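Notebook open, structure loaded. I want to go through the charged pairs, then the core, then the overall fold.

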Amino acid sequence: MLASSDTIVQLPDDVDLHARPAAQFVRTAMRYAAAITVHAGERHADAKSMLAVLGLGARRGTQLRLSAEGDDAAPALDALAACVSGFAE
């Protein structure tokens, strides 16, 4: 049975999820085998797809729900939460 996990993170108040932070987020997600989804409001995206993540249109202060399924789900979410909290303009 595959492990699954989810967590809530918030974009910093001065960072939109535009090209540079989205690329950093996607690169982090791609280090893990788990299937990872990021949710922003009613929208959701594959965390390993740059276009999908950009398509969320997440703005500063937006709450993101990250969910992952797979053997490395928990460490993947820990790394992505750290990635988001480390975003800076």
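I looked up the salt bridges and found Asp16, Arg59 and Arg60 linked in a network of them. I count a salt bridge when a side-chain nitrogen of Lys or Arg is within 4 Å of a carboxyl oxygen of Asp or Glu. This is a predicted model, where local features need pLDDT of at least 70 and side-chain atom pairs count only at pLDDT 80 or more, while totals for chains, interfaces and linings use all residues. Residues are numbered from 1 along each chain as its sequence is written, and side-chain values use heavy atoms, with hydrogens and water left out.

My search of the whole structure gave two salt bridges. In one, the closest N and O atoms of Arg59 and Asp16 are 3.9 Å apart. That pair links distant parts of the chain, 43 residues apart: Arg59 is in the loop between helix H2 (50-55) and E4, Asp16 in the loop between strand E1 (4-10) and H1. I take helices (H or I, at least four residues) and strands (E, at least two) as DSSP runs, numbered from the N terminus.

For Arg60 and Asp16, the closest N and O atoms are 3.3 Å apart. Arg60 also sits in the H2-E4 loop, so its pairing with Asp16 in the E1-H1 loop ties together parts 44 residues apart in sequence.

My cut-offs are under 20% for buried, over 50% for exposed and partly exposed in between (1.4 Å probe, protein chains only).

Of its 29 residues, Phe25, Ile36, Val38 and Phe87 touch the most other members. H1 (19-29), E2 (35-40), E4 (63-69) and H3 (73-85) each supply at least two residues, and H3 gives the largest share, seven.

I then checked Phe87, leaving aside neighbours within four places in sequence: its contacts (heavy atoms within 4.5 Å) are Leu11, Pro12, Val15, Leu17, Pro21, Gln24 and Phe25.

Last, the whole fold. I noted three helices and four strands, running β-α-β-β-α-β-α from the N terminus. The C-alpha atoms fill a box of roughly 40 × 25 × 20 Å along the principal axes. Buried residues make up 43% of the 89. Among contacts between residues at least 6 apart in sequence, 72% join residues at least 24 apart.

Key. A nonpolar core is a set of buried Ala, Val, Leu, Ile, Met, Phe, Trp, Tyr and Cys residues joined through side-chain atoms within 4.5 Å.
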